[in-house]
Structure formats: structure tokens, C-alpha cells
2 protein chains.
Amino acid sequence: MIKARVTVTLKNGVLDPQGKAIEGALHALEFPQVAKVRQGKVFDVELDTKDRARAEADLKAMCEKLLANTVIEDYTFEIE
Amino acid sequence: MIKARVTVTLKNGVLDPQGKAIEGALHALEFPQVAKVRQGKVFDVELDTKDRARAEADLKAMCEKLLANTVIEDYTFEIE
């Protein structure tokens, strides 16, 4: 069993209204020092295999095909 | 300027229908080896300060008050 964490974030320059809303909410609480917030997604994936090289190739394919929209998002993953 | 990444994940035992849907979609593509998917959130936060100890305390407070629902979610953060 291989565990991996995939992190998907918006590319620089892509508007992030959700991040902006959170930034505003943090200012409205008591955190004026917050300069910027960007929101992304994280996927914890468990793979039923022991082959790390295969897992790496599969995770890349999953990101390209489903987990990330590579037009506007970047992805990284790390295998435990 | 301090940059931090906050990761919010569902606690074990909390149902994750979104993760289940992604798991199903990955099976329907060509990834039968996917055993489990859990989805979480990530926040990239920039703080206008140089005081790391203060930043750490502030990030903890932000997570407790806004970024995570600590009834059903866990959070971690790392400061760059």
C-alpha cells in the first residue's frame, strides 16, 4: 500500500475569489497582517501497489486527467 | 513577509462523499489500484510580519477560528 498526498493550487495570475473572501474574513477577525490568501485542494490517495515508480507514473496521469485542471492549476505530489 | 501553507483534512471516521466520488471516477478511468481518496483543503497564506513565533500563534488562531472546523477537521501548517 502506497500513500501519497497530491496538492493542487491555482497558477499565479488566476483569480481566486474564494481566497480573497477568506482574506477579507481574516481581516474582519483580528488578523490585519494577512497580506494574501490563495486556496487550493489536497487529495490523500492510497494505492494498492508496492511499485513506487509505477505509483508515481499513475499519480501523474491521475493529476493530468482528473485531479487538476492544468489550464489554470499546478499540481505536486509526494509519496510517503 | 512570512509564507505559510495550511492543510486542512477531514478527521478519520468523518464521511467524505467528495473523496468517494473522486475514487469512483478514478476507477472508471483506468486506475483500479486506487484504494482510497480523501479530499482536503490547502491555504497559502502570506503574513506581513517577520516574527515567526507571532506568525505561528496567529496561524493557529486563524485555523481554530476560521480555516478549519475542528469538530470534523484536523489542520497542520508549515512556515517556509
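Modeller: The side chains of A:E30 and B:K65 form a salt bridge, at 3.0 Å from N to O. This is a predicted model: local features need pLDDT of at least 70, side-chain atom pairs count only at pLDDT 80 or more, and totals for chains, interfaces and linings use all residues. Side-chain values use heavy atoms, with hydrogens and water left out; residues are numbered from 1 along each chain as its sequence is written, while chains are lettered from A and ligands numbered from 1 in the order in which they are written.

Biologist: Why is the pair A:E30 and B:K65 called a salt bridge?

Modeller: The rule asks for a side-chain nitrogen of Lys or Arg within 4 Å of a carboxyl oxygen of Asp or Glu. The N to O distance for A:E30 and B:K65 is 3.0 Å, so the pair qualifies. Across the interface of chain A and chain B there are 2 salt bridges. Over all chains the count is 12.

Biologist: With which residue does A:K65 form a salt bridge?

Modeller: With B:E30, the closest N and O atoms being 3.0 Å apart.

Biologist: What makes that pair a link between two chains?

Modeller: A:K65 sits in helix α2 of chain A, and B:E30 in the loop between α1 (17–28) and β2 of chain B, so the pair joins two chains. Helices here are DSSP runs of H or I with at least four residues, strands are E runs of at least two, and both are numbered from the N terminus.

Biologist: How do you know whether B:E30 is buried or exposed?

Modeller: Buried means under 20% relative accessible area, exposed over 50%, and partly exposed in between (1.4 Å probe, protein chains only). B:E30 has 53%, so it is exposed. A:K65 has 45%, so it is partly exposed.

Biologist: What makes β2(A) and strand β2 of chain B a pair?

Modeller: Two strands pair if DSSP finds at least two bridges between them. Here there are 13, in the antiparallel sense. A:D44 stands opposite B:R38 in β2(B).

Biologist: Why is A:V42 called buried?

Modeller: Its relative accessible area is 1%, so A:V42 is buried. A:V42 lies in strand β2 of chain A. Leaving out residues up to four places away in sequence, A:V42 touches residues of both chains, including A:R5, A:V6, B:T7 and B:V8. A:T7 stands opposite A:V42, and 7 bridges join β1(A) to β2(A) in antiparallel fashion.

Biologist: What makes β1(A) largely enclosed by the rest of the structure?

Modeller: 7 of its 9 residues are buried, so β1(A) is largely enclosed. β1(A) also runs antiparallel to strand β3 (residues 73–79) of chain A, joined by 7 bridges.

Biologist: Which parts of the chain does the salt bridge between B:E73 and B:K41 link?

Modeller: The N to O distance is 3.4 Å. The pair links distant parts of the chain, 32 residues apart: B:E73 is in strand β3 and B:K41 in strand β2 of chain B. B:E73 has 10% relative accessible area, so it is buried. B:K41 has 28%, so it is partly exposed.

Terms used
Contact = heavy atoms within 4.5 Å.
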